[in-house]
Amino acid sequence: MVLIDLEKVRIMTKLAVFEQEEEEDAIKITRYYQGDYVRHELLKTLVCITFGYVCLCVLGVLYQLEYLIGNAIKLDYSKLLVELIGGYCILLILYGIGVSLGYIHQYHRAKKKIKGYDKNLHVLRKLYRKEKEREK
(Lines give C-alpha, C1' and ligand atoms only; values in the text may rest on other atoms or scores of the structure.)
Protein backbone atom coordinates (compact mmCIF):
# COMPACT_ATOMS: atom_id res chain seq x y z
CA MET A 1 0.00 0.00 0.00
CA VAL A 2 1.38 3.42 -1.01
CA LEU A 3 0.71 6.41 1.20
CA ILE A 4 1.03 9.92 -0.13
CA ASP A 5 3.36 12.08 1.90
CA LEU A 6 1.63 15.45 1.99
CA GLU A 7 4.82 17.28 2.95
CA LYS A 8 6.57 15.98 -0.18
CA VAL A 9 3.62 16.88 -2.36
CA ARG A 10 3.52 20.40 -0.95
CA ILE A 11 7.23 20.96 -1.53
CA MET A 12 7.12 19.44 -5.01
CA THR A 13 4.22 21.72 -5.88
CA LYS A 14 6.18 24.77 -4.74
CA LEU A 15 9.16 23.65 -6.81
CA ALA A 16 7.00 23.05 -9.89
CA VAL A 17 5.33 26.45 -9.61
CA PHE A 18 8.72 28.14 -9.29
CA GLU A 19 10.10 26.25 -12.28
CA GLN A 20 7.16 27.21 -14.46
CA GLU A 21 6.84 30.86 -13.47
CA GLU A 22 10.22 32.18 -12.47
CA GLU A 23 12.88 29.64 -13.28
CA GLU A 24 13.98 31.09 -16.59
CA ASP A 25 14.85 34.55 -15.34
CA ALA A 26 16.18 33.67 -11.93
CA ILE A 27 18.33 30.76 -13.05
CA LYS A 28 19.69 32.62 -16.08
CA ILE A 29 20.58 35.62 -13.94
CA THR A 30 22.25 33.65 -11.15
CA ARG A 31 24.43 31.67 -13.56
CA TYR A 32 26.63 34.77 -13.66
CA TYR A 33 28.59 36.45 -10.92
CA GLN A 34 26.92 39.71 -9.94
CA GLY A 35 29.61 41.91 -11.50
CA ASP A 36 29.60 39.95 -14.75
CA TYR A 37 25.81 40.08 -15.01
CA VAL A 38 25.65 43.82 -14.36
CA ARG A 39 28.49 44.56 -16.82
CA HIS A 40 26.87 42.40 -19.51
CA GLU A 41 23.51 44.14 -19.17
CA LEU A 42 25.18 47.56 -18.92
CA LEU A 43 27.11 46.93 -22.12
CA LYS A 44 23.93 45.94 -23.96
CA THR A 45 22.19 49.06 -22.71
CA LEU A 46 25.05 51.39 -23.64
CA VAL A 47 25.19 49.96 -27.16
CA CYS A 48 21.45 50.56 -27.55
CA ILE A 49 21.77 54.09 -26.18
CA THR A 50 24.61 54.81 -28.60
CA PHE A 51 22.55 53.54 -31.53
CA GLY A 52 19.54 55.61 -30.43
CA TYR A 53 21.63 58.74 -29.93
CA VAL A 54 23.18 58.40 -33.39
CA CYS A 55 19.70 57.94 -34.89
CA LEU A 56 18.43 61.06 -33.11
CA CYS A 57 21.42 63.07 -34.29
CA VAL A 58 20.87 61.95 -37.89
CA LEU A 59 17.18 62.84 -37.65
CA GLY A 60 18.08 66.23 -36.19
CA VAL A 61 20.51 66.91 -39.03
CA LEU A 62 17.93 65.86 -41.61
CA TYR A 63 15.28 68.05 -39.98
CA GLN A 64 17.59 71.08 -39.92
CA LEU A 65 19.27 70.30 -43.26
CA GLU A 66 18.07 73.45 -45.00
CA TYR A 67 19.37 75.64 -42.17
CA LEU A 68 22.66 73.74 -42.02
CA ILE A 69 23.26 74.08 -45.76
CA GLY A 70 22.35 77.78 -45.74
CA ASN A 71 24.64 78.54 -42.80
CA ALA A 72 27.40 76.02 -43.49
CA ILE A 73 30.13 78.67 -43.44
CA LYS A 74 28.86 80.56 -40.37
CA LEU A 75 28.39 77.56 -38.04
CA ASP A 76 30.83 76.88 -35.20
CA TYR A 77 31.40 73.17 -35.78
CA SER A 78 33.76 72.71 -32.84
CA LYS A 79 31.14 74.07 -30.41
CA LEU A 80 28.44 71.93 -32.00
CA LEU A 81 30.62 68.83 -31.75
CA VAL A 82 31.46 69.54 -28.11
CA GLU A 83 27.74 69.93 -27.30
CA LEU A 84 26.86 66.68 -29.07
CA ILE A 85 29.65 64.70 -27.41
CA GLY A 86 28.96 66.31 -24.02
CA GLY A 87 25.27 65.44 -24.26
CA TYR A 88 26.17 61.89 -25.27
CA CYS A 89 28.55 61.49 -22.33
CA ILE A 90 26.03 62.85 -19.83
CA LEU A 91 23.37 60.53 -21.25
CA LEU A 92 25.70 57.52 -20.97
CA ILE A 93 26.68 58.35 -17.40
CA LEU A 94 23.11 58.87 -16.20
CA TYR A 95 21.77 55.77 -17.92
CA GLY A 96 24.81 53.77 -16.84
CA ILE A 97 24.26 54.57 -13.17
CA GLY A 98 20.52 53.90 -13.36
CA VAL A 99 20.91 50.65 -15.26
CA SER A 100 23.65 49.41 -12.95
CA LEU A 101 21.54 50.04 -9.86
CA GLY A 102 18.51 48.42 -11.47
CA TYR A 103 20.36 45.27 -12.52
CA ILE A 104 22.09 44.95 -9.15
CA HIS A 105 18.64 45.00 -7.54
CA GLN A 106 17.34 42.47 -10.07
CA TYR A 107 20.31 40.16 -9.39
CA HIS A 108 19.72 40.24 -5.64
CA ARG A 109 16.02 39.45 -6.09
CA ALA A 110 16.86 36.50 -8.34
CA LYS A 111 19.47 35.26 -5.88
CA LYS A 112 16.92 35.39 -3.06
CA LYS A 113 14.41 33.41 -5.15
CA ILE A 114 17.02 30.78 -5.96
CA LYS A 115 17.90 30.45 -2.27
CA GLY A 116 14.28 29.61 -1.48
CA TYR A 117 14.21 27.13 -4.35
CA ASP A 118 17.44 25.49 -3.16
CA LYS A 119 16.08 25.31 0.38
CA ASN A 120 12.98 23.46 -0.82
CA LEU A 121 15.14 21.10 -2.87
CA HIS A 122 17.26 20.36 0.20
CA VAL A 123 14.17 19.62 2.31
CA LEU A 124 12.82 17.34 -0.42
CA ARG A 125 16.13 15.44 -0.55
CA LYS A 126 16.00 14.95 3.21
CA LEU A 127 12.48 13.57 2.97
CA TYR A 128 13.53 11.11 0.28
CA ARG A 129 16.52 10.00 2.35
CA LYS A 130 14.30 9.41 5.37
CA GLU A 131 11.91 7.43 3.22
CA LYS A 132 14.74 5.24 1.90
CA GLU A 133 16.02 4.65 5.44
CA ARG A 134 12.55 3.54 6.55
CA GLU A 135 12.34 1.11 3.63
CA LYS A 136 15.58 -0.58 4.65
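This is a predicted model: local features need pLDDT of at least 70, side-chain atom pairs count only at pLDDT 80 or more; totals for chains, interfaces and linings use all residues.

Residues are numbered from 1 along each chain as its sequence is written, and side-chain values use heavy atoms, with hydrogens and water left out.

Let me begin with the salt bridges. The structure holds four of them, a salt bridge being a side-chain nitrogen of Lys or Arg within 4 Å of a carboxyl oxygen of Asp or Glu. In one of them, glutamate 131 pairs with lysine 8, and the closest N and O atoms are 2.3 Å apart. This pair links distant parts of the chain, since glutamate 131 is in helix H5 and lysine 8 in helix H1, 123 residues apart. Helices here are DSSP runs of H or I with at least four residues, numbered from the N terminus. Lysine 8 is buried, at 10% relative accessible area, whereas glutamate 131 is partly exposed at 26%. Buried means under 20% relative accessible area, exposed over 50%, and partly exposed in between, with a 1.4 Å probe and protein chains only.

Glutamate 7 forms a salt bridge with arginine 10, with 2.6 Å between the closest N and O atoms. These two residues are three apart in helix H1, residues 6–21, and so are separated by about one helical turn. In helix H3, residues 34–63, glutamate 41 and lysine 44 are likewise three residues apart, about one turn of the helix. Their salt bridge has its closest N and O atoms 3.3 Å apart. Glutamate 41 is buried at 11%, and lysine 44 is partly exposed at 42%.

I turn now to helix H5, which spans residues 77–135 and contains arginine 125. Lysine 130 has its place in helix H5 as well. Arginine 125 is partly exposed at 45% relative accessibility, and lysine 130 is partly exposed at 49%. From arginine 125 to leucine 92, the C-alpha to C-alpha distance is 48 Å, over 33 residues of sequence.

Finally, how many disulfides are there? With a disulfide taken as a pair of cysteine sulfur atoms within 2.5 Å, the count is zero. Cysteine 55 is in no disulfide, and its nearest cysteine sulfur, that of cysteine 57, is 9.4 Å away. Cysteine 55 is partly exposed at 32%, and cysteine 57 is partly exposed at 23%.
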